[in-house]
Amino acid sequence: MTVTDFVPVLIQIALAAGLAGAILTGSVLFGQRGSKNKIKNYAYECGIKSDGKTSTRFSVKFYVTAMLFILFDIEVLFLIPWVLVYRDFVANSLPILGPILFFLGVLVVGLFYELKKGALEWEK
Amino acid sequence: MTVGLEQYIAVSAALFAIGFFGVLRRKNTLVIYMCLELMLNACNLGLIAFSRYHGGMSGSVFVFFTITVAAAEVAVGLAIIVALFRKRQTVQVPDLNALKN
Amino acid sequence: MPTDTLNSLGEIAATNTWGAIYPEMILGCLALFLLVLEVVLPKFAHGAIPRIAILGQILLLGYIVVFDPSGCCNGVAFGGMIELSGTGQALRIFFLLASIFVSYLAMVSFENKTLARVEYFAITLVVTGALSLMAMANHFVMLFVALETATVGFYVLVSYFRQNVLSLEAGLKYLIMGALSSAILLFGIVLLYGAASNPALAGSSEDAMNFQNLRAFLEANPTDSLAIIGMLLVISGVAFKIGAFPFQIWIPDVYQGAPVSTTAFLAVSSKAAGFAVLLTLVKTFAPLSSVLVPVLTGIAALTILFGNFAALTQRNLKRLIGLSGVSHAGFLLIGVIAAQAVPQATNWVLFYLFAYLLGSMAVFAVFAHLPKVWDSDLELDDLGDMAKRNGFLGIALAIGIGSLAGIPPLAGFIGKFLIFVAAFKAELYVLLGVGIVGVVISIYYYFGVIKAAFFEVWRFTDEDEEAEAAPALPGATLTGLGKLTIVVAIAGSVVLGFFQGPLGSWLSGQ
Amino acid sequence: MNDSVSLLHFAIAIPLLAAFATLWAGKLGRPAVQIVSVTGFALPTLLAIFAWVSYNPEVAGGYDFVTRHNTGLEAVGISLHLGLNGVALPLFVMAAVVGLAAGLYAAQSKAENLSRYLFCLLVMQSGLMGVFASIDVFFFYFFHELALIPTFVMVGVWGGRERSYAAMKMTIYLTLGAMLSLAGLIALYVKSGAESFDLITLKAHLAAAPLSDTVSTYAFGLLLFGFGILVSLWPLHTWAPLGYGAAPSSAAMLHAGVLKKFGLYGLIQIAVPLIPGGVGQWEGWIIWLALGNVVIVGLVTMAQRDLKQMLGYSSVMHMGYAFLGIAAMSVIGVSGAVIMMVAHGLTVALLFMLSTMIHHRTQTFEMEEMGGLSKKAPVLSAFFVCGMMASIALPGPGLANFWGEFGIFVSLWQFKPWVLCVAATGIIISAIYALRAIARVFFGTESEDFQEVQKEHTVIDMTWAERVPALILIIVLFFIGFFPKTISSSLNDALESEPVYATTEAEQGGSH
């Protein structure tokens, strides 16, 4: 590869930056200015001071679900190549169904265990 | 200038080194964990580059397994970190010193 | 897809001898079966599950020992992924034996604790299967996947006591160290693969992660710097697992914090698997031995010295045993290095491992019965009480420690002796000297343990007074099954000391 | 290849089985323990005496009662190969006799937890029987360690003053010595090319192809210093007085009397015949260190105030003579050394036992605080005087030690007269401390400490339970003293068959 191959990327970066810059400058230029005071600069101009953290904590349940999702999501990785060569293998009577079924069987047992343990129940 | 195998390997080595020193230097367990993942991904990059430029699939196949392994490690690791946080209310390495004799 | 590819795939598929790895398959299925049982059975029946796990393993072990002690078939299988050999078979038996002990220890130390009981045993089974695949690996993919399966399992096992901060911290430490070592190992593999798959170089091959191909490449060009760096990284990664010198930092903390059964599992099985891998890798890297042997020699010497000196000052029992285990790793390394020059040394390393297994299991079984809620805070002073209350445990501790210290007439002595003979044959005089110094130092702290257990107690207690106080330990009750397990371990140590018999000739004959 | 079992197997196995039987008999009470343990000591003694009587020196290779069994390490060149030759036989018998005496004395002693005490003693005994009965060098070492471990436990658990420290020091020293000698033995195994630990095979190989100078230098050096530590060769002897001072009497009897001879036996049977070259290179070392044992340790012995300490030092001192006899490398010198080992074993055992009896009566080992015991305990004092006379090898046919030292001195005269002159001073030294000890302990006026003790409990003379073991030792001592031929003839035959000893004999033009 040569650097020229990266030109589109550069163009895209330039476009994005330019657009953002343009919008901001546009709003500064054409937008009408209001009176500047502290209250007005708060988020939501409703006059009430905002309190508490702006970043809220998530329940750990989200993380659990996310982990489980990753684990089962990864397995797809092994299914894609399988799908690609499936026909050829069967055509040449190479063993391909048995191993993958065993693999999926293990996955199913895992899923079954996970469900029964109530790892996916939201309210407990 | 052309981007060849050397560049990829250089990037992968650089990522690996960054991860390694991150593990050694950082105090926050989660950041250390990210650095570990960074090291694994540096290895993946190297594998892909080698198998792409040298021909042969075994490198690319290995990457599948590496990714899976990394995922499993993340799951278990985060579980442990969460459990520890619940117990100690901190994930800073210097605070985790119960095991000093 | 081109036909020649399909043909080669057909050839590979023909080598998928599933029958050859039935023990690992059975272990995995047994683990799944246990998980299913847990969710199917009602709560009150869960107590049966650990027993089912142990029973299943005992049956499997019995079948292997009786019906195919020397493995069904030798040579590579699964397209060069694993290599079946007598050594692999011996290690298979080793891991099964170890995991039976470990499962029993877990049963004991889970008494009087509120925990999820069942997962532990399932994970133990999976890890055991992974370890014995690791011992048979003939390809870096197989090696890495098996290794990681075991390691991830260990993360859970180490931090299994969720209520105990020490256990969790140990888990975190092991997690970071383990993941770091895996990453280093992996990067080493990448570099080796990159070097050996380079079409420009002689002897390169497409499947460069296969050990035979890799060795062929290294023979073709033994000065490839990339390959040498890769090798060093891989060796460091393995050194982490066996706790050899610069990489032993995690050992004391993790051994102390982990549940005693896990500590035993780490000390025995994980270490043994590391050495199995090391034996294979040393064969693979033989062309680079001009670099490898000096490195390993230095590591071995420093490991022995560090392990012993660090153990001298320990009061905490599990730290002590952990650090003494470091020095044992050093002795095993001597055997591994010698194995390059002396072929039988491989079998002598195996003998040492079996002796180490029996000795350690006796000691850890005693720890599991000591009167503490969390075995992480067992101190030397807790031993005296034990020997007074329960002479049987006292004898078991004495024999176990004696065997670890390499005192005749116990198995550990024969193991050390064989290692020394190997070192002499391979003319590793420096390591021999260091080994002798190490033995003398180790006597000191092992002696300390015996002293703490016996010197005041044995003299002034009466047999009959003991007899009634025997089972009255607050920690865990010593059941008949427990007595049997311990008796097996100590009898093994004693018998192997006097009469190596079938095991000896079997290993020598391998 | 497995042969039928011989009496040697029984001599080794019976004490071991008796040991566990004793442990179990602990539940049944004291009499059961005593019966079982004494049987465990007596039977091997009978077997040993039977072997002594029925020993046939004309047997091929000089080894009688030979058997060989495979323990599973035959591939490594290790097999349980047992047998006795002219050198091993007397020591074997001595080990059995001393064991019996020690066992009898221990069985009637007031040791706490008697069954466990006797358990350790019996394990030690079986190891001792094995040491002198094994032809395979590996098992020779193996049995030595088997006998050594119980010593540490006994010193540590049942010992007297500062027993922990003594046990620790003994353990470290003796482990180091054992390790060095083990390395030397492995060196022989590897470098001889025999790939076998069998002494006979090794001899054959090394006779055909002797070791190179460098190899023989370091191999012999390893064996010399390894064995030397075990035999308390000066200046590596410091563990011995401390250990014996702290050890319970039976343990001290067995260790000082028998187990310590392991190193000398190893030098005579293994090191010198297999590595004749090595002796020449280390000769100076051996002589000077041995003289250090005789003179320096001798002077230290004179300075001792504690009876048991003094006995410990004197036993260290006498080892010097044995070393000198070996250094002469002549038949007469080595046979003298062996006879002295036997006699010294019996004597030192007797003395340690008697010193403990004295302690029971005077409640102290300080010789200053004793005196006048002979009036209260004439028999005890008679025994003790007799033992002391034996240990200093009083000239006269009565006691075996004399023949030993006589042979050694003759050989030294042929070998290096100046060494003889220096060594002879040892006789005077030992005479001085022996007579002074006797005078202090038994004669003269009673010290006020001793009178204090007598107020608390009356001092009685030796009971029969105490006399029997002492008598056994003394009788054997006199028997060998009057009929030295009973051991020396087969001993000399065995040594004549060793080329190294026979040839040096011829060179030095000696005869006997």
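Among contacts in chain C between residues at least 6 apart in sequence, what percentage join residues at least 24 apart? In this predicted model, the share is 77%.

**Figure 1. Chain A, a chain of helices.** Chain A contains five helices and zero strands, so that its elements read α-α-α-α-α from the N terminus on. Of its 124 residues, 1% count as buried. The domain assignment divides chain A into domain 1, residues 3-34, and domain 2, residues 60-116. The centres of these two domains of chain A, taken over C-alpha atoms, lie 44 Å apart.

**Figure 2. Confidence along chain A.** The pLDDT of chain A averages 79, and 77% of the residues score at least 70. Within chain A, helix α1 (residues 7-30) has the highest confidence, at 91, whereas helix α2 (residues 38-41) has the lowest, at a mean of 65.

**Figure 3. Which chains meet.** Four pairs of chains are in contact, and chains B and C share the most contacts among them. Chain D does not touch chain A, the nearest C-alpha atoms of the two being 44 Å apart. Chain B and chain D do not touch either, with 25 Å between their nearest C-alpha atoms.

**Figure 4. Chain B against chain C.** To this contact chain B contributes 34 residues and chain C contributes 38 residues. On the side of chain B that touches chain C, the elements giving two or more residues are α1 (5-25), α2 (29-54) and α3 (58-88) of chain B. Of these, α3(B) gives the most, with 16 residues. Sorted by class, this side of chain B comprises 21 nonpolar, ten polar and three charged residues.

**Figure 5. Chain C against chain D.** Here 32 residues of chain C are in contact with 30 residues of chain D. The elements of chain C that supply two or more residues to this side are α17 (411-425), α18 (429-455), α19 (457-460), α20 (463-469) and α22 (501-509). The most comes from α18(C), which gives ten residues. By class, the side of chain C that touches chain D holds 21 nonpolar, six polar and five charged residues.

Figure 6. The secondary structure of chain C consists of 22 helices and two strands, and 64% of its 510 residues count as buried. Phe144(C) lies in helix α6 of chain C. Phe144(C) counts as buried because it has 22 C-beta neighbours inside 10 Å, the cut-off being 20 or more. Leaving aside neighbours within four places in sequence, Phe144(C) is in contact with Leu186(C) and Ile189(C) of its own chain and with Phe65(B) of chain B. Ser182(C) is 38 residues away from Phe144(C) along the chain, yet their C-alpha atoms are separated by 8.1 Å.

Figure 7. Helix α9 of chain C covers residues 225-242. At 1.5 Å a residue, its 18 residues should span 26 Å; the end C-alpha atoms are 26 Å apart, which agrees with that expectation. Of these 18 residues, 13 are buried, so α9(C) is largely enclosed by the rest of the structure. Gly243(C) follows α9(C) and has a positive phi, near 70°.

**Figure 8. Helix α10 of chain C and what covers it.** Why is helix α10 of chain C described as largely enclosed by the rest of the structure? Eight of the eight residues of this helix, residues 250-257, are buried, and therefore the description applies. The buried residues are Trp250(C), Ile251(C), Pro252(C), Asp253(C), Val254(C), Tyr255(C), Gln256(C) and Gly257(C). Their cover includes four helices of chain C, namely α6 (140-158), α7 (165-196), α11 (260-284) and α13 (317-341).

**Figure 9. Ala101(D) within the largest nonpolar core.** The largest nonpolar core has 449 residues, among which Met134(C), Phe92(D) and Ala101(D) touch the most other members. Not counting residues up to four places away in sequence, Ala101(D) touches Met253(D), Ala349(D), Met353(D), Pro469(D), Ile472(D) and Leu473(D).

Key: Residues are numbered from 1 along each chain as its sequence is written. Chains are lettered from A and ligands numbered from 1 in the order in which they are written. This is a predicted model: local features need pLDDT of at least 70, side-chain atom pairs count only at pLDDT 80 or more; totals for chains, interfaces and linings use all residues. A nonpolar core is a set of buried Ala, Val, Leu, Ile, Met, Phe, Trp, Tyr and Cys residues joined through C-beta atoms within 7 Å. A residue is buried if 20 or more other C-beta atoms lie within 10 Å of its own, exposed if 12 or fewer, and partly exposed in between; C-beta atoms are placed from the backbone. Two residues are in contact if their C-beta atoms, placed from the backbone, lie within 7 Å. pLDDT is the predictor's confidence in each residue, from 0 to 100. Ala, Val, Leu, Ile, Met, Phe, Trp, Tyr, Cys and Pro count as nonpolar, Asp, Glu, Lys and Arg as charged, and the others, Gly among them, as polar. Domain bounds come from an automatic or database domain assignment. The expected span of a helix is 1.5 Å times one less than its number of residues.
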